[in-house]
Amino acid sequence: MLAGGSRISHHLRECDPRLGLGLGFYSARVVELSCACPPKPSSTPVLAATHHHHHRRLRRTTSSSSYSIHSKSPGDFSAFSDCFSQREEDHELPSEGLSPVAGGIVALGKFDALHVGHRELAIKAAKVGRPFLLSFVGMAEVLGWEPRAPIVAKCDRKRVLSSWSSYCSDMAPAEFQIEFSSVRHLTPRQFVEKLSKELGVHGVVAGENYRFGYRAAGDALELVRLCEEYGMEACIIKSVMDKNEYARNLNANDSKERGQVSSTRVRRALAVGDMRYVSELLGRKHRLILMAKDKGGFSSNGSRVSVPKSCLLNLAPKEGLYEKCSIVVGEEKVVACKVVIDITHVHIEMDELGICNIAGNQDLRLLRIEFGDSV
């Protein structure tokens with residue numbers, strides 16, 4: 001329990017419970033990840049702010065469409081360029097008994113799909129300190145939303161975040177979640193105060209459309225103002241825009257659409273089976289996870305494995321035939337396959353060699369399918 005009675009839990013409720021790490025009196029678990037993926041430079045423009053007491057000024061950074069807000073005050077730390085210029089080694093790691101995010105930089109959002117826009121938030125957070133993704137659990141239950149399958153299976157989020165480390169100064173973001181019921185009625189000021197005084201956050205990163213506080217009363221500009229007041233750094237980045245022309249028709253009826261990459265767009269692309277578009281939004285291939293509900297695992301019939309949809313751990317694309325798919329075996333090995341999805345089952349078709357590779361490396365209780373381009 002937190003000092004204010006709020007409960008915090010780590011989002012990665014892994015298939016392997018041994019990944020948990022107890023830290024002080026917090027019930028949160030933080031998992032550190034690493035991966036060697038080819039680095040990709042970021043070009044997303046940002047709006048940056050540091051706290052001040054006297055004055056601030058607005059200036060262009062090296063990017064033609066990027067601005068930074070800088071402040072100067074006697075005795076204050078110097079302003080930073082391109083949102084954040086300090087590095088993780090400049091900040092001490094939290095000692096035992098403190099919040100796991102104490103001294104860290106938290107990216108704020110929902111982080112359902114872990115898409116390229118979410119990755120951009122993590123990249124900016126990593127420019128100044130240890131990056132965290134901070135979001136809320138239990139929103140659907142509290143707000144009465146219909147339950148729906150996650151885009152990324154909980155036991156697969158670790159892998160996705162580890163692939164971001166090469167973008168984030170060799171640091172994979174850790175996830176940190178707060179029970180929504182404990183913050184639902186907080187005003188924007190109370191929420192920022194919680195981040196500062198209760199969690200010990202050093203700074204925040206959010207998208208330009210981020211809303212927070214009771215009834216979403218606070219916007220990005222108020223977040224910057226409040227963070228300055230409470231002595232935290234704040235960075236507001238421009239949305240990562242979806243450049244896919246096809247997406248205009250797919251999302252035309254949504255009044256909230258501004259053309260940005262979003263988890264909603266990922267869900268709609270999956271709903272029509274456009275896996276190439278899904279890959280563009282995610283920055284990776286969509287991976288479907290299926291887990292058997294009994295010890296016997298999945299059964300195969302010759303070169304075909306059929307799995308009931310009740311075994312799905314995350315959202316599948318629409319019914320149909322998908323070529324150029326693969327089953328991931330172990331950490332790296334892939335076995336080519338075709339996937340047929342119908343109303344009740346997911347069918348995986350492989351050649352005899354593929355079946356042998358699968359059977360020889362796992363017990364067919366957990367299947368990981370990656371989708372190529374739709375056909």
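## Exercises on strands, rings and cores

In this predicted model, Met291 stands opposite Leu366 in β16.

**Exercise 1.** Place the strand pair β10 and β16 in its sheet, and state how many bridges join the two strands.

*Solution.* 
Step 1. Strand β16 covers residues 366–370, and five bridges join β10 to it. The two strands run antiparallel.
Step 2. The sheet that holds them is open and has seven strands, in the order β10-β16-β13-β14-β15-β12-β11, with antiparallel pairing.
Step 3. Strands β10 (287–291) and β11 (300–301) are the edge strands, each pairing on one side only.

**Exercise 2.** Classify the aromatic pair of Phe136 and Phe180 from its ring geometry, and explain what the pair ties together.

*Solution.* 
Step 1. A pair of aromatic rings is described by the distance of the centres and the angle of the planes.
Step 2. For Phe136 and Phe180 the centres are 6.3 Å apart, and the planes are at 65°. Rings pair if their centres lie within 6.5 Å, and planes over 60 degrees apart count as edge-to-face; the pair is accordingly edge-to-face.
Step 3. Phe136 belongs to strand β6 (residues 131–137) and Phe180 to helix α4 (residues 180–183), so the pair ties together parts that are 44 residues apart in sequence.
Step 4. Buried means under 20% relative accessible area. Phe136 counts as buried because its relative accessibility is 19%, and Phe180 counts as buried because its relative accessibility is 11%.
Step 5. Ring pairs link Phe136 and Phe180 with Phe191, Tyr210 and Phe212 into a cluster.

**Exercise 3.** Describe the largest nonpolar core and the second, separate core.

*Solution.* 
Step 1. In soluble globular proteins, nonpolar side chains tend to be buried together.
Step 2. The largest nonpolar core has 55 residues, and Val339, Ile348, Ile369 and Phe371 have the most contacts inside it. Helix α1 (residues 116–126) gives the most to this core, with six residues.
Step 3. A second, separate core has 31 residues, including Val106, Ile178, Val201 and Tyr210.

**Exercise 4.** Locate Asp170 and Lys324, and decide for each whether the residue is buried or exposed.

*Solution.* 
Step 1. Most residues other than glycine have a negative phi.
Step 2. Asp170 has a positive phi near 65°, and Lys324 has a positive phi near 55°.
Step 3. Asp170 lies in the loop between α3 (157–162) and β7 (174–179), whereas Lys324 is found in strand β13 (residues 320–329).
Step 4. Exposed means over 50% relative accessible area. Asp170, at 64% relative accessibility, therefore counts as exposed. Lys324, with a relative accessible area of 61%, is therefore exposed.

**Exercise 5.** Identify the side chain with which Ser239 makes a polar contact, and the ring over which the charged end of Arg119 sits.

*Solution.* 
Step 1. Ser239 is in the loop between β9 (233–237) and α7 (246–250).
Step 2. The side chain of Ser239 makes a polar contact with the side chain of Asn209, at 3.3 Å.
Step 3. Leaving out residues up to four places away in sequence, Ser239 touches Glu208, Asn209 and Gln260.
Step 4. The ring under the charged end of Arg119 is that of Tyr167, with 4.2 Å to the ring centre.

Methods
Residues numbered from 1 in each chain as written. Predicted model: local features only at pLDDT ≥ 70, side-chain atom pairs only at ≥ 80, totals over all residues. Heavy atoms only, no water. Pairing = 2+ DSSP bridges. Helix = DSSP H or I, 4+ residues; strand = E, 2+ residues; numbered from the N terminus. Polar contact = N/O pair within 3.5 Å; in protein donor to acceptor, adjacent residues only side chain to side chain. Contact = heavy atoms within 4.5 Å. Phe/Tyr/Trp six-rings, centres within 6.5 Å; stacked < 30°, edge-to-face > 60°. Buried < 20%, exposed > 50% of the residue type's maximum accessible area, 1.4 Å probe, protein only. Lys NZ or Arg CZ within 6 Å of the ring centre and 35° of its normal. Core = buried A, V, L, I, M, F, W, Y, C linked by side-chain atoms within 4.5 Å.
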